[in-house]
Amino acid sequence: MIPIVADLHTHTHASQHAYSSLYENIVIAARKGFCALANTDHGPAIPDSPHIWNISKQKKLPAMVEGVRVLKGVEANIIDYNGKLDVDYSILEWLDWVIVSMHPYTLPPATVQAHTNAWLAIAQNPYVDMIGHCGDLRFAFEIEPVIKAFKEHRKIVEINNNTFHSRPESRDNYVSILRYCMEYEVPVAVSSDAHFCTDVGNHSLALAVLEELKFPPKLIINSTVEQLDYYLHQYRRKPFRIQSQS
Ligand SMILES: [Zn+2]
Ligand SMILES: [Zn+2]
């Protein structure tokens, strides 16, 4: 089994369809020996998302809790097919970790061309770190040009464990995306998308797919502490180091 050292997509009960506190998520991450946990509640376009202040006030959070680096983040919603987001750039620019995702409530599924155009626009957004659950078949897109754009603009493609049990019909689509990530050497991150603390670090279905494909661990950014530090600090040019206090 590929080792994983951080969970880069988790929700708290600030998003009202999730059920644990940030501290509970951190405690589970610490128990699993993780070096980092990304706190990524939904952007405001989702109806039961937190108030935007919940996202924008994260500067108050400590960087390290229970030995775990807390990445202050968000899962922003893509709200039109030009790649518009529901969180202001003035917030995105200082967050540690920005995921963007397509959700049917905030972006009704359209055509393959429309989904492709949206991802090509998102690729050029400098504030976006990780491409959220893009294997979702409801938002199928032209994979090769989009993956090439993600490579060009240093995006990280999420392999979302939740997708594999919530939407198993999307598995083959995700596999196709991963094959192109291997071909173009696009880095990926495994994440749980936990909505309850016991799911933090639950990456088993995503890891099974990566192992089946013999996906190179050197492209899985959260498979070692050193790689995570490299991909955040150098590849995504974050000002902090993964294990520092600042
Ligand atoms: Zn999502
Ligand atoms: Zn999520």
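Visitor: I4 has 24 C-beta neighbours inside 10 Å; is I4 buried or exposed?

Guide: Start with the cut-offs. A residue is buried if 20 or more other C-beta atoms lie within 10 Å of its own, exposed if 12 or fewer, and partly exposed in between, with C-beta atoms placed from the backbone. I4 has 24 such neighbours inside 10 Å, so I4 counts as buried. This is a predicted model, where local features need pLDDT of at least 70, side-chain atom pairs count only at pLDDT 80 or more, and totals for chains, interfaces and linings use all residues. Residues are numbered from 1 along each chain as its sequence is written, while chains are lettered from A and ligands numbered from 1 in the order in which they are written.

Visitor: Where is I4, and which residues is I4 in contact with?

Guide: I4 is in the segment before β1 (6-10). Contact means that two C-beta atoms, placed from the backbone, lie within 7 Å. Leaving aside neighbours within four places in sequence, I4 is in contact with V190, H203, N222 and S223. V190 is 186 residues from I4 along the chain, yet their C-alpha atoms are separated by 7.8 Å.

Visitor: How many helices and strands does the chain have?

Guide: Helices (H or I, at least four residues) and strands (E, at least two) are DSSP runs, numbered from the N terminus. The chain has 9 helices and 8 strands. Of its 246 residues, 47% count as buried.

Visitor: Which residues touch the most other members of the largest nonpolar core?

Guide: General idea first. In soluble globular proteins, nonpolar side chains tend to be buried together. A nonpolar core is a set of buried Ala, Val, Leu, Ile, Met, Phe, Trp, Tyr and Cys residues joined through C-beta atoms within 7 Å. Here the largest core has 68 residues, and A36, L37, V98, V100, V157 and V188 touch the most other members. Strand β4 (residues 68-77) gives the largest share, 5 residues. Beyond four places in sequence, V188 touches I156, V157, I159, C181, L219 and I220.

Visitor: At what angle do the axes of α4 and α5 cross?

Guide: Axes are lines fitted to C-alpha atoms, for helices over the stretch in contact, and angles run from 0 to 180 degrees between N-to-C directions. Helix α4 (residues 112-123) and helix α5 (residues 143-152) have axes that come within 9 Å and cross at roughly 10°. That makes α4 roughly parallel to α5 (under 35 degrees; over 145 is roughly antiparallel, 65 to 115 roughly perpendicular, the rest oblique). T116, W119, L120 and A123 of α4 meet P145, V146, A149 and F150 of α5.
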